Amino acid sequence: MLMRKFLPVILALVATAVIYFLKPDILGQKQHTSKTRATEEQAGTHYQSFDPALEPTLTELSRTWFQGANSIWGATGRDDQGHIWFGISGEGSTPAHLVEYDPELNKFLDHGDPVSALKAAGIYRNGEEQIKIHSKIIQMDDGWLYFSSMDETGERSDGSQLPKWGSHLWRYKPSADHWEHLYAAPEGLIAVSGVGHWIYALGYWGHVLYQHDTRTGQTKHIRVGSEGGHISRNLVADKNGHVYVPRVKYFDLNNPTGKETTATERLLVVTLVEYDQHLNKMQGTPLIHYAAEGKPEASHGITSFSYLADGTIIIGTHVGYLYKITPSNQGPATVTELGWLHPDGESYNPALFPQDGQRYLTGITQRRGKGYQLIRYDLEQNKSQIIDLDIPIYKNLLLYGSNTRDNKGRGYVVGRHDGNIPIIFQLEF
């Protein structure tokens with residue numbers, strides 16, 4: 001009788017223990033890992049002491065790509081093992097591929113494509129294309145890699161037409177070799193950023209910001225705003241779950257009656273808008289040096305970034321101007337101007353790496369008539385210098401890549417050459 005009386009209590013205790021130890025999915029999402037990750041792991045980079053005597057080198061990593069491979073649009077990332085991940089975009093109707101690189105073994109491993117993953121998930125639409133993985137590849141605290149794939153079919157560069165097949169946010173479990181679909185978006189999700197358990201994606205047109213909570217599986221979005229067919233190639237998120245996105249807007253200067261105005265009568269205003277983890281706007285900071293010749297449609301927005309050891313984020317704009325974001329636990333971040341990355345002023349800035357995580361940055365710039373140059377920037381003195389680097393001469397060479405470094409401190413610079421051949425360089429600096 002006594003046993004029967006307490007049987008419900010015993011069963012409840014057993015059930016609680018099972019739930020605790022097995023840690024089942026919550027709303028289809030695995031709970032985050034209990035492993036404490038270092039700051040550089042969360043930031044997806046690596047810090048190494050600075051040696052000014054070290055002569056930088058650029059080593060090309062050669063491999064035979066899949067048929068139809070076209071380029072790597074800055075789509076890099078690293079996992080906690082120090083393996084490097086790439087999104088290889090295709091051309092025509094060839095889908096993008098997710099590729100892993102083991103620096104110790106100098107081995108590449110192809111992990112498939114989003115179209116095959118859509119078919120495996122039973123959500124493929126007949127004729128659907130996903131030719132690009134343009135975003136960074138971010139490992140979050142739950143151990144999964146997060147990234148987006150997208151289409152370009154039918155889109156219009158003036159921002160009046162979305163890509164036909166839109167885009168998808170994915171996560172990939174390296175230990176299980178498994179793609180998991182999180183959500184689809186009608187916009188083209190071109191950029192992804194995240195720290196901890198908040199992952200953000202930026203879509204065009206209009207700078208639509210998506211947020212996904214990896215703990216609960218909840219997804220929501222807001223429209224930040226962008227005009228002129230402009231899309232920033234990057235956004236950044238900090239350790240508090242706040243995210244920073246450019247808002248690009250024209251204001252009519254002399255138009256009280258609502259009449260049509262010319263381009264010369266419009267003022268382009270760009271602000272870096274900070275949102276908290278609830279997508280509440282915290283503040284907006286003017287970005288004065290943002291768009292090439294004041295034309296957002298010709299600008300790639302935030303083209304580079306680096307995370308420092310204290311959580312500070314450095315961003316570089318299309319014209320090569322640096323800003324420092326210092327997050328706060330009490331309120332909005334402090335955003336300050338640093339100045340031009342190149343010692344001679346304006347330049348295109350497609351790559352930026354943290355050197356020691358504190359004082360030095362290493363960037364790549366491109367100036368008219370000068371080609372690509374390696375730049376070292378001293379954050380304490382706000383000064384930069386050009387560093388000699390032998391950069392191979394290729395026809396139509398395009399280079400990108402920020403923040404991603406392996407366990408030996410080598411940065412990964414990616415892009416394409418000769419119009420449609422993907423290229424990867426190891427930058428040792």
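Modeller: Happy to! The largest pocket holds about 460 Å³ of space. A word on terms: on a 1 Å grid over the protein atoms alone, a pocket is an open set of points with protein on both sides within 12 Å along at least five of seven lines, while a cavity is a set of points where a 1.4 Å probe fits but cannot get out; lining residues have an atom within 4 Å of a point. Grid points are joined across faces, edges and corners, and a volume is the space filled by probe spheres set on the points.

Please keep in mind that this is a predicted model, where local features need pLDDT of at least 70, side-chain atom pairs count only at pLDDT 80 or more, and totals for chains, interfaces and linings use all residues. Residues are numbered from 1 along each chain as its sequence is written, and side-chain values use heavy atoms, with hydrogens and water left out.

Back to the largest pocket: 28 residues line it, and Lys132, His134, Ile190, Arg233 and His300 lie nearest its centre. Strand 11, strand 19 (302–307), strand 23 (348–354) and strand 27 (398–402) each give two or more residues to this lining, with strand 27 giving the most, 3 residues. Helices (H or I, at least four residues) and strands (E, at least two) are DSSP runs, numbered from the N terminus. By class, the lining has 11 nonpolar, 11 polar and 6 charged residues. Here Ala, Val, Leu, Ile, Met, Phe, Trp, Tyr, Cys and Pro count as nonpolar, Asp, Glu, Lys and Arg as charged, and the others, Gly among them, as polar.

Next comes the second largest pocket, with about 280 Å³ of space. Its lining includes Ala292, Glu293, His318 and Tyr348, and divides into 3 nonpolar, 3 polar and 4 charged residues.

A search of the whole structure finds 1 cavity of 30 Å³ or more, and the largest cavity has a volume of about 160 Å³. Of its 19 lining residues, Gln42, Ala43, Gly44, Ile138 and Asn403 lie nearest the centre. Helix 2 (39–43), strand 3 (76–78), strand 7 (138–139), strand 11 and strand 19 each supply at least two lining residues; strand 11 gives the most, with 4. By class, this lining has 7 nonpolar, 9 polar and 3 charged residues.
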